[in-house]
Amino acid sequence: MMNVFFILLKQELVLAVILFLLLMIKLGSKERSNTSTLTLVQVLLLVNLAAGFIMPATGSLFGGMFVTDALIVLEKNILNLGLLVVSMMAWPWLLRHKHVTEFYLLLLSATLGMFFMLSSHNLLMFYLGLEMFTIPLAALANFDLDRKTSGEAAMKMIISSAFSSGLLLFGISLLYGATGTLQYGELSQLLHITPLVLFGFVLVMAGFGFKISAVPFHLWTADVYEGAPVAVTAYLSVLSKGAVLFVLVPVLYKVFAVLAIPAGHAVFILAVATMIIGNLFALRQQNIKRFLAFSSIAQVGFILAGLSGQADTGGTAVIYFVLVYLFSNLGAFGVVALVSACSGKEAVDDYKGFYRTNPALSWVLALSLFSLAGIPPLAGFFGKFFLLLAAAGKGNYTLVIVAALNMVVALYYYLRIVRAMFMEDNAAPIARIRIGPAPGLALVICVAGMLVTGLLSGAYEYIYRLVTAQAPL
Amino acid sequence: MSLNLLLVWPLLTVLVMLAAKTVRQTRVLALMGAVCQLLLCAVLLYSYQAERAAGNTAAFLFEENHSWYAALQIRYHIGVDGMSVAMILLTAVVVLAGVLVSWRQTVLGREFFFLLMFLSVGAYGFFISLDLFTLFFFLELAVIPKFLLIGIWGSGQKNYSAMKLALLLMGGSALIFVGLTGLYFNAATPGFDMTVLAAHPVSAATQRFFFPFLFAGFGIFTALFPFHTWVPDGHSSAPTAASMFLAGISMKLGGYGCLRAAIWLMPAAAQEYSWVIVLLATIAILYGAFATMMQTDLKYINAYSSVSHCGFVLLGIGMLTKTAVTGAILQMVSHGLMTALFFAAIGMVYDRTHTRLVSRLGGLLRIMPFMSIVFVVAGLCSLGLPGLSGFVAEMTVFMGAWQRQGMGYHLATLAAAASIVVTAVYILRAVGKVIMGPVAAGEHLSLKDASWNERLAAILLLAGIIAIGFAPGWLVGLTEPSAGHLLQQTGDVLTPH
């Protein structure tokens with residue numbers, strides 16, 4: 001019995017052990033240099049990532065509250081990889097920070113919360129995991145301690161999260177009222193299309209919408225992304241969104257299977273609004289973090305388009321796209337983080353003439369943006385193609401046409417950055433940046449990921465196998 | 001031979017070029033790579049002809065078919081027919097000529113050659129694809145290098161032109177994508193394999209809905225009216241080699257795509273929409289020709305005349321007769337060579353005189369005889385002088401177009417044929433002013449004639465033009481069976497017996 005417990009909870013336990021280890025180190029030793037702490041953390045996170053791949057198991061714990069299977073293990077591994085990359089990217093910024101250990105304590109507890117949310121098999125457990133990762137993240141948004149905007153970001157985030165949690169909880173309570181259960185399996189059996197259930201569903205979707213910043217629930221995103229430290233923004237835009245999307249796939253396709261038609265309408269409206277509004281606002285942003293915020297909103301629109309497809313192709317496309325998006329967006333944020341840490345510059349105009357001084361970083365940023373725009377041979381092309389192909393699978397050609405035209409608009413603003421870097425002159429360009437080993441490795445991982453996950457079909461096929469093989473609720 | 005070599009070789013060149021330290025090394029590598037590409041293509045032509053001579057009548061030769069994304073029935077399916085071989089040869093020639101004329105590219109030279117080689121990967125991949133997914137993949141692969149080439153090394157309104165080109169081409173891709181999904185889900189078994197889709201066409205209603213998406217999408221690439229506006233800006237802002245590639249190959253991707261994806265896979269809709277294509281093509285031909293007359297910049301002259309000449313490609317495609325489609329393919333090859341030569345000549349003039357305005361040039365024949373002759377021959381080819389490739393191609397298009405019954409089609413053919421007079425006006429006027437005439441500026445007298453690399457590039461392209469002009473038989477023999485195969489379900493009813 002104990003063995004099963006350890007095997008099923010392996011990823012959570014490893015993360016928790018690292019967390020406590022860091023806590024002990026923090027309490028036990030008076031003065032440690034940031035470099036040694038950072039090195040130790042990277043090693044531990046690497047171990048954590050590697051441990052995730054050992055012995056994936058299927059089973060459930062705590063009276064069916066917690067389940068895990070090969071797909072969920074994979075999703076956690078994807079998050080682990082993102083965690084490692086974000087952590088390596090943050091190195092130059094953390095090196096001069098006063099509270100490195102605290103940063104990681106919060107970051108790891110947020111990730112732990114995501115893991116529990118991913119494994120949840122019960123709306124209560126889901127809510128618990130969601131809160132467990134949101135609250136540390138709000139604290140993390142405040143981690144540029146001497147900048148007021150950082151505090152403002154944290155404040156905005158905690159207020160909007162609380163509001164969205166309220167909506168979510170209200171929705172959950174309505175569903176409980178209608179069915180008398182919170183267990184996914186029972187819910188999927190007992191739900192019927194009644195006004196009460198529909199109302200509950202809409203509220204739950206609104207809660208999800210806040211977390212993935214779908215329009216019209218996106219208003220907090222840009223300010224929080226702009227104010228928070230770049231590493232935290234990267235974490236927010238990729239990992240926290242990715243984790244919620246991972247959960248949204250089974251919730252939408254399985255728990256709310258009965259509501260397929262109204263859910264399809266809801267997803268359609270959200271997708272179209274998110275794509276268009278995200279794109280239109282991204283067009284004229286002058287701050288690169290705000291720009292990436294709106295671009296990530298638009299990306300969510302495309303993901304939602306994929307979610308409107310069939311369960312197998314749509315679900316696979318979404319999970320695959322999150323993986324691709326992780327590499328692409330973290331690649332972009334990696335460069336932005338380095339520039340921000342070394343020069344403090346965050347305006348789009350500051351990137352003019354960037355290629356003359358930093359050719360390697362320019363190429364990484366350009367490739368990431370191309371991948372986000374869906375240009376081959378980068379993985380983003382495949383991700384977008386499969387998302388829209390899934391959307392077309394249900395004959396929803398309006399959505400496909402809107403999405404395809406939105407890709408043209410999106411290309412414009414991604415190319416705007418590329419144009420600034422490669423084609424425009426600047427009297428005072430960003431000075432040459434020395435790329436340290438950790439951020440360098442992070443960027444190499446991102447570029448390799450962008451090239452490999454698309455051209456080789458293995459990742460997609462593997463996810464497809466796991467999605468189709470997943471047991472019913 | 002394995003067609004994969006056509007992709008592997010340029011990719012290898014690109015990888016080796018990454019390791020090069022200086023521009024000098026890079027350009028030598030690029031030249032070696034381009035020469036080997038041309039040799040490879042010659043081998044391909046030879047083995048293709050040998051297979052055909054040996055009696056192999058399969059529609060596509062050297063086929064390879066591997067599963068890529070098995071879960072989605074996406075395959076890596078490649079193979080060539082006569083049309084592909086012709087386009088591949090054209091690509092190799094233009095790429096080699098492009099490398100040669102860019103020999104003195106010193107600003108960011110490594111990146112320049114890198115992108116040029118990368119573009120060729122996209123073109124080869126596109127021409128060998130027999131799967132719609134790979135076709136689309138390679139089509140999009142070539143968009144961004146063009147954007148960078150124009151934006152970084154271009155002249156004039158380069159940022160505007162680069163962005164306009166990228167967005168319009170991406171818009172074309174978006175339309176193509178919608179068409180692809182329509183074909184994919186409405187096929188008997190979902191899939192992108194073109195040979196399967198052609199054997200079992202989707203229903204007529206589906207074709208009616210999705211044909212415009214595919215045709216207009218590819219049409220944007222080949223300057224289909226009214227989506228041609230990227231052509232003049234893009235071509236005139238691009239550096240010489242990129243202009244050559246854009247007009248010589250990139251626009252041909254569109255024509256090839258129209259034939260391969262739209263006409264071949266949706267025969268019923270092709271017949272239905274045939275009159276629309278012919279109408280738009282005729283407008284493009286006339287509009288392009290008259291617009292050229294008003295231009296004062298040499299590059300704009302050639303760019304607008306490209307709109308007109310690519311109109312002939314679309315006209316041939318729209319007529320749906322075997323001869324007309326053969327003519328369209330010939331026109332793609334001929335225009336590719338001719339326009340590349342023209343842009344090369346304009347580039348040589350511009351490099352020396354730093355102006356492209358006709359009014360500021362004159363009497364170059366006395367100063368740069370070689371370059372002037374190149375210029376004149378390109379011009380004569382453009383207006384369809386017998387003995388050069390332009391005549392062969394346009395004549396075939398007209399012959400084929402006339403075979404199509406119907407008053408409207410005859411009128412369109414007449415109008416298109418009449419446009420050659422306009423072509424003669426603008427070409428002869430430009431040639432007369434720039435080449436003959438009095439010397440425009442005193443300092444031009446000290447300019448040097450073409451250097452060895454420019455001479456080689458020009459001779460290479462001239463050889464192609466003259467070879468097609470004097471002995472068109474081999475090219476017609478190569479492409480005509482493909483044209484027949486593309487029209488196997490469309491053309492028969494329309495060709496008089």
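Is helix H4(A) mostly covered or mostly uncovered, and how many of its 20 residues are buried? I looked this up and found H4(A) mostly covered, with 18 of its 20 residues buried; a residue is buried if 20 or more other C-beta atoms, placed from the backbone, lie within 10 Å of its own.

Before going on, I noted that this is a predicted model, in which local features need pLDDT of at least 70 and side-chain atom pairs count only at pLDDT 80 or more, while totals for chains, interfaces and linings use all residues. Residues are numbered from 1 along each chain as its sequence is written, and chains are lettered from A and ligands numbered from 1 in the order in which they are written.

**Entry: lengths of helices**

I took helices (H or I, at least four residues) and strands (E, at least two) as DSSP runs, numbered from the N terminus. The expected span of a helix is 1.5 Å times one less than its number of residues. For H2(B), residues 23-53, the 31 residues should span 45 Å, and the end C-alpha atoms are 44 Å apart, which agrees.

I then looked at the buried residues of H2(B), among them B:Arg27, B:Gln37 and B:Tyr48. The buried residues of H2(B) pack against helices H1, H3 and H4 and strands E1 and E2 of chain B. After H2(B) comes B:Gly55, whose phi is positive, near 95°.

**Entry: pairs of helices**

Two packed helices are described by the angle between their axes and the distance between the axes. Axes are lines fitted to C-alpha atoms, for helices over the stretch in contact, and angles run from 0 to 180 degrees between N-to-C directions.

H9(B) passes H11(B) in a left-handed crossing, meaning that the near helix is turned anticlockwise from the far one by less than a right angle. Their contact includes B:Phe211 and B:Phe215 of H9(B) and B:Gly254 and B:Gly257 of H11(B), two residues being in contact if their C-beta atoms, placed from the backbone, lie within 7 Å.

I next turned to H13(B) and H18(B), whose axes come within 11 Å and cross at roughly 160°; these two helices are therefore roughly antiparallel, and their crossing is left-handed. Among the residues that make this contact are B:Ser305 and B:Phe312 of H13(B) and B:Ala416 and B:Tyr426 of H18(B).

In chain A, the axes of H15(A) and H17(A) come within 8 Å and cross at roughly 145°, and this crossing is left-handed. I listed A:Gly331 and A:Val335 in H15(A) among the residues that meet H17(A), where A:Leu365 and A:Ser368 are included.

**Entry: where the chains touch**

How many residues does each chain give to the contact? I found 25 residues from chain B and 26 residues from chain A. On the side of chain B, the elements that give two or more residues are strand E1 and helices H5, H6 and H7, and the largest share, 11 residues, comes from H7(B). By class, this side of chain B divides into 20 nonpolar, four polar and one charged, where Ala, Val, Leu, Ile, Met, Phe, Trp, Tyr, Cys and Pro count as nonpolar, Asp, Glu, Lys and Arg as charged, and the others, Gly among them, as polar.

Conventions. Buried ≥ 20, exposed ≤ 12 C-beta atoms within 10 Å, placed from the backbone. Parallel < 35°, antiparallel > 145°, perpendicular 65-115°, else oblique.
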